[in-house]
Amino acid sequence: MKSIIFSSVLLLHIGCTIAQEFKLDASYEYLYSGQWDKAIQTYNVSRPFLTEKQPLLMNGLNTSISYVFKNEKHLKHGINVSYAYFQSSAENENFNNILQLHFINLGYILHYENKEKSKGLYSDLIISATSSGLFRRINENHFVYDETTSKAFGIGGDICLKAGYCLTLKNNYFLSPFISIGYTPYLYSPNSEAVINQTKELTSKNWTGILRTQIGLTFHLKPQQND
Amino acid sequence: MNRRQFIKQSTLLSIGGLLIPSALLAACRKETLFEDVTYDGKVIIIGAGAAGLYAAYMLKSKGIDFQLLEASSTYGGRLGKLTGFANFPIDTGAQWLHGKNSILGDLIKKSKTNITLDDSETKFWFNNQLIDALPQNTNIFEGEELPDISYEAYALQNGLGNEYKYIIENIAGDQGAAASRLSVYGNNKDEENWASGDDDFKFEETYFDLIDKQIASQVKDQILVNTIITKIDYSQSEIILTDSNNNTFNANKVIITVPISILKSGDIQFIPALPIEKTTAFSKIGMDAGMKVFLKFSNRFFDQNIIGGAVCAAYADDSIGKAQNDNILLAFIMGEQAEYLTSLGSDAAITSALIQELDIMYNGQASASFIASHVENWTTNPFVKGAYSYSTIGMGDARKIASESLSEKLYFAGEAMNTNGHHQTVHGAVETGYREVINILTDIKK
């Protein structure tokens, strides 16, 4: 236990020494996926016996952590990990259907901030590998058939542009409201329609493109502020 | 503009640039397809089987005028219910729910319909004895790069000799086909799209009850039975349908859900004639003979499943999953075996052939305890003419071509028209029913 604590402290110290900035985001995320929309719309239109319709997967929460390496230039780089969660729930008599969608992104971040000119404005370009997991719950339980949980995993690439405005909280601590727009041109998720509409390639393709926007807050820790 | 104004305006523009399109996009995104589509025309559905009934249910939910025309004296198509023969209701047609991950799986949950996993045990009739396991693996029909040859030929290529003939007939029979006609490649491609699950379930009541209570009950008043459509004239803007009594029906769009055997046999005349590629596609989709015989005994001398008989390759205890347990053995007969038994000419002869085979398997116990039989021969039903569709050798994309709509007037549904691997099944038929309603709505929206 002692060695774990010691290692963690050491890593944090090293991290702070070489880091320009740590960033922790929390945001509302709006998602648009044509293929998933189509599958849910088909699910809704094809089941007249369900009066309460399944909402589209569009509103979610996102959180991410970024680590920007120390650099004296305006353009810095780092790494970013993010997690997003979306849910769609429709409650009908004897049939409460919930779709749960998770995203995990691991990306490379380019951070631009010109302190002299922009006075706190900054922008990030994040290029990530993205993975998704789509699950279905019926009546509070994971939907299981053939003794396996109904699920669809996906993999793809994502590009995201983010802009924020930094407000000083105290010394090395900052808070910034931000907005971002992201695009996943290709997310290969061949089983999604089977989870949503219980068919394969009847109504949609085995991949989808995703467009998303975010609005949220970032907490910044800038351990070594020389200016 | 000073720097502060610039920053302020840039921020506002950025937020506006993102949020306003998002809000607009959200407003355009509807939960259901075709929420605003209305239609003044009339849709006629030919065939009140699972596909036709579900298409009607969908049209009703969208407020579209429709009528169902059914050739036989009742609705349900290849679903049927027999009462009074045993102390539980019997499925004379489709019986097993193939996987819970389907639209009907949802309906079953919603309606709290009782189903039971069929995990009954199997014995094999092999080299004139009943055994628990076969000497060789027969699970050879799935994988990559399988050839487009018959199950029978592929089994022989893989060392499953003549002693496995009726074991292979049973495997092909599950697909409604003779082993000599079912394509290894084609069927494997179908399996790749299968999404509903591999477990099979039985209904405590019957499959017919589910469709009757949950779907047919919604549209019963629009079904016209004993209406055998013989001609469809779609040469004018209004389609004219003529039945065997020379009655005519007018419609703007027609959904044809009759079995593929009916389309293949030319029982319906189309004016103008269907394109050659369409009729060729019909001819490539297989549909073999099929029958179900229910044998009632005073003793339960039989095993839960008996696979590999020369007269019937698949027997099954029909009381599995039922609330009561009369001794009913189902003989599930497909392909060449069904053709042979049909050729015997009478229900009595068919029953006798089956009892003789069971007597050999169980040392005369079948004839000693036999009480009665019920033969449901789907092959001799003039509005069905077989079991269900299967993938033939060299079939290619025949299902896709066969299922394409014509001139925004004729739409094709039914299990054989399912292009996503769920053909042969009731839930697959239902999927084509709603698919064609979606196609109609799409055409209307144009």
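Reply: Strands (E, at least two residues) and helices (H or I, at least four) are DSSP runs, numbered from the N terminus. Two strands pair if DSSP finds at least two bridges between them. The model is predicted: local features need pLDDT of at least 70, side-chain atom pairs count only at pLDDT 80 or more, and totals for chains, interfaces and linings use all residues. Residues are numbered from 1 along each chain as its sequence is written, while chains are lettered from A and ligands numbered from 1 in the order in which they are written.

Me: In strand 5 of chain A, which residue is the bridge partner of A:Asn97?

Reply: The partner is A:Ile138. Strand 5 (residues 121-138) of chain A runs antiparallel to strand 4 of chain A, and 16 bridges join them.

Me: How many bridges link strand 3 of chain A and strand 4 of chain A?

Reply: Strand 3 (residues 75-92) and strand 4 (residues 95-112) of chain A pair in the antiparallel sense over 18 bridges.

Me: In what order do the strands of the open sheet in chain B lie?

Reply: In a regular strand the side chains alternate between the two faces of the sheet. Here three strands of chain B form an open sheet in the order 5-9-6, with antiparallel pairing. Strand 5 (96-98) and strand 6 (115-117) of chain B are the edge strands, each pairing on one side only. Strand 5 pairs with strand 9 (residues 200-203) of chain B over three bridges, and B:Leu97 stands opposite B:Phe201.
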